[in-house]
Amino acid sequence: MELQEGNIVVMGPSDIESSEIGAEFIRLLGNWVKPRRLGRIFDSSGGFIMPNTDLRAPDVSFVSAARLKLTVRDFANLVPDLVVEIKLKTDRIRTIEEKIKLFLQLGAQVGILINPDELTVSVYRPNGEMELLAGEDKLAIPELFPGWEVAISEL
């Protein structure tokens, strides 16, 4: 569940393919982040209280070590540096894009939309840029993870 503009939004479980993609993304990114102590990665159960008072939970999120030195037994009162949304079979792209853009407006550095239906990854940044990746294109997020990259086909 999420809290959006004062309304409770109930979200069903992910389809198995989307869930697997999220787990793989966390594994691939975690293998880079953890040994370098760059920050913390969260799954879709990690809740963030946004500056607009919404309670949101991206499918995958990352917060840099400088911004979250220790985890807390509560929702985080901050906007993640990275938010990743994975399109479910029944999702509408526009709705997911709006969610990602809100995160960016509120302070996220990078937003990613993984679309298993089209086999694409869209990367959004606060300046309004959107980069569309597919196949053997490489996803890189140098502003958060210098040197890390992964082929879209691996996701």
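Q: Are F62 and F145 buried or exposed?
A: Let us start with the term: buried means under 20% relative accessible area, exposed over 50%, and partly exposed in between, with a 1.4 Å probe and protein chains only. Here F62 is buried, and F145 is buried as well. Keep in mind that this is a predicted model, where local features need pLDDT of at least 70, side-chain atom pairs count only at pLDDT 80 or more, and totals for chains, interfaces and linings use all residues. Residues are numbered from 1 along each chain as its sequence is written, and side-chain values use heavy atoms, with hydrogens and water left out.

Q: Which elements make up the protein chain, from the N terminus on?
A: Helices (H or I, at least four residues) and strands (E, at least two) are DSSP runs, numbered from the N terminus. The protein chain has two helices and twelve strands, in the order β-β-α-β-β-β-β-β-α-β-β-β-β-β.

Q: What does the radius of gyration say about the protein chain?
A: The radius is taken over C-alpha atoms, and the globule rule is 2.2 Å times the number of residues to the power 0.38. For 155 residues, a compact globule would come out near 15 Å, and the protein chain has 15 Å, which agrees. Its C-alpha trace spans about 40 × 35 × 30 Å along the principal axes, and 43% of the 155 residues count as buried.

Q: How many aromatic pairs does a search of the whole structure find?
A: Rings of Phe, Tyr and Trp (its six-membered ring) pair if their centres lie within 6.5 Å; planes under 30 degrees apart count as stacked, over 60 as edge-to-face and the rest as tilted. The search finds four aromatic pairs. In one of them, the ring centres of F25 and W148 are 6.1 Å apart and the planes stand at 75°, so this pair is edge-to-face. It links distant parts of the chain: F25 sits in helix α1 (residues 16–36) and W148 in the loop between β11 (138–140) and β12 (149–151), 123 residues apart. Both F25 and W148 are buried.

Q: What is the geometry of the rings of F62 and F145?
A: Their centres lie 4.7 Å apart with planes at 70°, so the pair is edge-to-face. This pair also links distant parts of the chain, with F62 in strand β6 (residues 60–64) and F145 in the loop between β11 and β12, 83 residues apart. Together, F25, F62, F145 and W148 form one aromatic cluster.

Q: Which value of phi does R37 have?
A: Most residues other than glycine have a negative phi. R37 has a positive phi, near 50°. R37 lies in the loop between α1 and β3 (39–42) and counts as exposed, at 73% relative accessibility.

Q: Where is L119, and what is its phi?
A: L119 is in the loop between β8 (110–115) and β9 (120–124). Its phi is positive, about 60°, although L119 is not a glycine. L119 is exposed, with a relative accessible area of 61%.
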